[in-house]
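This briefing covers aromatic contacts, backbone geometry and strand pairing, in that order. Please read it alongside the sequence and the coordinates.

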Amino acid sequence: MNEMTFVCKAAEVKEGGVKQVSLPAFDDEFAVYNLGGEFFVTDDMCTHGMVSLAGGDVQDGQIFCPLHGGAFDIRTGAATEHPCKVRLKTYPAELRGEDVYANLA
Ligand code: FES
């Protein structure tokens with residue numbers, strides 16, 4: 001499947017911020033990031049524990065988990081800070097007008 005799905009309105013994610021998004025067709029939530037007007041989408045659940053990353057802080061292109069302070073590179077999903085080791089799943093995203101779309105396959 002190579003379909004782009006509407007994720008949220010771009011205006012819902014402030015610059016340098018992250019927002020949790022639930023979509024009816026998916027069991028798990030997604031995290032949407034705005035890095036300087038460029039949008040990125042990852043799984044919302046930290047790979048270290050059952051915690052929403054959208055409750056964490058975005059710094060230098062990384063999302064810091066609110067529970068143990070581990071971090072991931074938002075663009076690549078790579079684990080960048082202990083104790084996170086397992087890569088975060090990322091999804092190709094793009095801005096279409098005022099809307100953020102992503103390939104969530
Ligand atoms: S649950 Fe995210 S770093 Fe531990």
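Which residue lies over the face of Tyr-101, and at what distance from the ring centre? Arg-96 does, at 4.5 Å from the centre of the ring. The model is a predicted one. The points below begin with the aromatic rings, then turn to the backbone and the sheet.

**Aromatic pairs**

- The structure contains three aromatic pairs.
- One of them joins Phe-6 and Tyr-101: the ring centres are 5.8 Å apart and the planes stand at 75 degrees, and because an angle over 60 degrees counts as edge-to-face, this pair is edge-to-face.
- Phe-6 belongs to strand β1 (residues 4–9) and Tyr-101 to strand β11 (residues 99–103), so the contact ties together parts that are 95 residues apart in sequence.
- Phe-6 has a relative accessible area of 36% and is partly exposed.
- Tyr-101 thus has two partners described here, with Phe-6 paired to its ring and Arg-96 over its face.

**Aromatic cluster**

- Phe-26, Phe-30 and Tyr-91 make up one aromatic cluster.
- Within it, the rings of Phe-26 and Phe-30 have centres 5.3 Å apart and planes at 85 degrees, so this pair is edge-to-face.
- The two phenylalanines fall into separate accessibility classes: Phe-26 is partly exposed at 26% relative accessibility, whereas Phe-30 is buried at 3%.

**Backbone geometry**

- A cis peptide bond runs from His-82 to Pro-83, with omega near 5 degrees.
- Pro-83 is located in the loop that lies between β8 (79–81) and β9 (90–91).
- Asp-60 is not a glycine, yet its phi is positive, at about 50 degrees.
- The loop between β5 (57–59) and β6 (62–64) holds Asp-60.

**Sheet**

- Four strands form an open sheet in the order β5-β6-β7-β8, and the pairing is antiparallel.
- β5 and β8 are the edge strands; each has a single partner strand, so one side of each lacks a neighbour in the sheet.
- From one strand to the next, the twist averages 30 degrees.
- Three bridges connect β5 and β6, which pair in the antiparallel sense.
- Asp-57 has Phe-64 in β6 as its bridge partner.

Terms used: Residues are numbered from 1 along each chain as its sequence is written. This is a predicted model: local features need pLDDT of at least 70, side-chain atom pairs count only at pLDDT 80 or more; totals for chains, interfaces and linings use all residues. Side-chain values use heavy atoms; hydrogens and water are left out. Rings of Phe, Tyr and Trp (its six-membered ring) pair if their centres lie within 6.5 Å; planes under 30 degrees apart count as stacked, over 60 as edge-to-face and the rest as tilted. Helices (H or I, at least four residues) and strands (E, at least two) are DSSP runs, numbered from the N terminus. Buried means under 20% relative accessible area, exposed over 50%, partly exposed in between (1.4 Å probe, protein chains only). A charge sits over a ring if NZ of Lys or CZ of Arg is within 6 Å of the ring centre and within 35 degrees of the ring normal. Two strands pair if DSSP finds at least two bridges between them. Axes are lines fitted to C-alpha atoms, for helices over the stretch in contact, and angles run from 0 to 180 degrees between N-to-C directions.
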